Amino acid sequence: MSFDVNDLRQRFPAIRDSEALFFDGPAGTQVPDSVVEAVSRGLVEAASNVGGAFVASHRSEAVVRAARIAGADFLGGKPEEIVFGPNMTTLTMAFSRAVLAGFEPGDRIVLSGIDHDANVSTWTRAASDFGIEVDWIELADEHVQLDLATLEGVITPRTRLVAIAGASNAFGTVTDLRRVMDIVAGSGIRVFVDAVHLAPHERIDVASLGVDAVVCSGYKFYGPHVGMLWARREWLDVIEPYKVRPAPAEAPGKFETGTPSFALLAGLTAAIDHLASLGEGSTRRARLDSAFADIRSHEAALGYRFLSQLPDNVSVWGMPSMEGRVPTFAVSVDGLDAVEVATRLAARDMCVWAGHYYAVEPMRRLGLLDKGGLTRIGFVNTTTDEEVDRLLDALTGL
Ligand SMILES: Cc1ncc(COP(=O)(O)O)c(C=O)c1O
């Protein structure tokens, strides 16, 4: 293991300066000093807008360029394929409209029954505006995972796109994207992946995955609140986004409405550098490969620790082992509703969420939407064994 978790925690002001146990990573991770400093420096050094003849404008351009290169290293694409926006939802809202405006009425798209609503309502709203039909990938009978046979079953010659989560923000289930790609192989169907919940936990490499677009959000992987989309350049080139006339005519700039937050882009680069600093290698991509191998094994060990000692009063909804999942657990506790569990844990300084966390489709399919949902516990790479043990103790005594 190339990083020591206790040393790592010292980099995070919110962690080292508080008693809180942050199990709320699925809703947003804490940030290291290097990100705080980069954002602060960005506000000083990159306050001018881009496109000017003067040096302060060139500094802002350099910040954007650096962020595109970092984003490409993070996702595996090319810098000119990286688009920034305020968050994943805003990027996807605009992207889905632009994509579906280019389809023919009667064309079909496939959405997933496990997804966060940012990868559902964005598409269904645009679909209803443009006369596009929607089909669904359903949940399997067990363990809140997708039944990809239902994807095979709904594909028709009119199917143009599949929008699917890389990992569930509620249940932690990881989608078998390679199987998805096998199913659509040779069909020309575009695959758009919501990787918001995958990005903090797994190395993403769009080149080897073969998907057409991936979207993620910096604040879920130790960075600031800024969204990032990668898509194949040949696809970006043919999509006509909604834009104002003087905005760039070419991708990626044509997808970026208005002035971006340069300071947050500086912070995003710092977050990617922070992750890369946990690994080894001669390039940032190699360091990210190595860092994520260690992140994965640390988080899997935390997950096993949690699952193997789960008290009898607690049930995990989702994969019962660490196979095919990240360490995000939607749980119910006998005799208590989700909000009560979160409130009692909060009284012990433990940060967890209760409800549906915008994962409306799976919660509805499981009959939990009107019952207050579940309590969600998330581990990330700053989580320690001791924190897991304290959580298990707390759950036992609820
Ligand atoms: C899986 C998933 N997709 C999309 C989103 C929306 O991301 P954003 O807040 O950047 O719009 C979230 C946020 O929680 C998420 O967990």
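A residue is called buried here if 20 or more other C-beta atoms lie within 10 Å of its own, exposed if 12 or fewer, and partly exposed in between, with C-beta atoms placed from the backbone. Helices (H or I, at least four residues) and strands (E, at least two) are DSSP runs, numbered from the N terminus. This is a predicted model, so to speak of local features we need pLDDT of at least 70, side-chain atom pairs count only at pLDDT 80 or more, and totals for chains, interfaces and linings use all residues. Residues are numbered from 1 along each chain as its sequence is written.

## Helix α6

Let's start with α6, residues 121-130. On one side, Ser128 and Asp129 are exposed. Thr122, Trp123, Ala126 and Ala127, on the other hand, are buried. Looking down the axis of α6, these buried residues fall within an arc of 120° (taken over the directions from the helix axis to the C-beta atoms), so they line one face of the helix. The background is simple: an α-helix has 3.6 residues a turn, so residues three or four places apart point the same way.

What do the buried residues of α6 pack against? They meet α5 (88-101), β3 (108-112), β4 (133-137) and β5 (159-165), where contact means that two C-beta atoms, placed from the backbone, lie within 7 Å. Just after α6, Gly131 has a positive phi of about 70°.

## The sheet

Seven strands make an open sheet with mixed pairing, in the order β2-β8-β7-β6-β5-β3-β4; two strands pair if DSSP finds at least two bridges between them. β2 (82-85) and β4 are the edge strands, each with a single partner, so one side of each has no neighbour in the sheet. From one strand to the next the twist averages 20°. For such angles, axes are lines fitted to C-alpha atoms, for helices over the stretch in contact, and values run from 0 to 180 degrees between N-to-C directions.

β2 runs antiparallel to β8, and four bridges join them. Gly85 sits opposite Gly227 in β8. Both faces of β2 are covered: Ile82 and Phe84 are buried on one side, Val83 and Gly85 on the other.

α6 goes across β3, β4 and β5, at about 160° to β3. α8 (residues 177-184) touches β5 and β6 (190-194), and its direction makes about 165° with that of β6.

In α8, Leu177, Val180 and Val184 are buried. Seen down the axis of α8, they fall within an arc of 55°, so they line one face of the helix. Their packing partners are α7 (149-154), β5, β6 and α9 (206-209). Just after α8, Gly186 takes a positive phi of about 80°.

From the strand side, take Val162, which lies in β5. Val162 counts as buried because it has 26 C-beta neighbours inside 10 Å. Setting aside neighbours within four places in sequence, Val162 is in contact with Val110, Leu151, Val180, Val184, Ile189 and Val191. Val162 and Asp212 are 50 residues apart in sequence and 10.0 Å apart in space, C-alpha to C-alpha.

Most residues other than glycine have a negative phi, and most peptide bonds are trans. Here are some exceptions.

| Site | Backbone value | Loop |
|---|---|---|
| Ala251 to Pro252 | cis, omega near 0° | Pro252: between α10 (233-238) and α11 (262-276) |
| Tyr357 | positive phi of about 45° | between β12 (353-355) and α14 (360-365) |

Are the two tyrosines buried or partly exposed? Tyr357 counts as buried, with 20 C-beta neighbours inside 10 Å, while Tyr358 has 18 and counts as partly exposed.

## Around the ligand

Of the 14 residues around the ligand, Asn87, Met88, Thr89, Asn169 and Ser217 come nearest; a residue is near a molecule if its C-beta atom, placed from the backbone, lies within 6 Å of it. The shell divides into five nonpolar, eight polar and one charged residue. Here Ala, Val, Leu, Ile, Met, Phe, Trp, Tyr, Cys and Pro count as nonpolar, Asp, Glu, Lys and Arg as charged, and the others, Gly among them, as polar.
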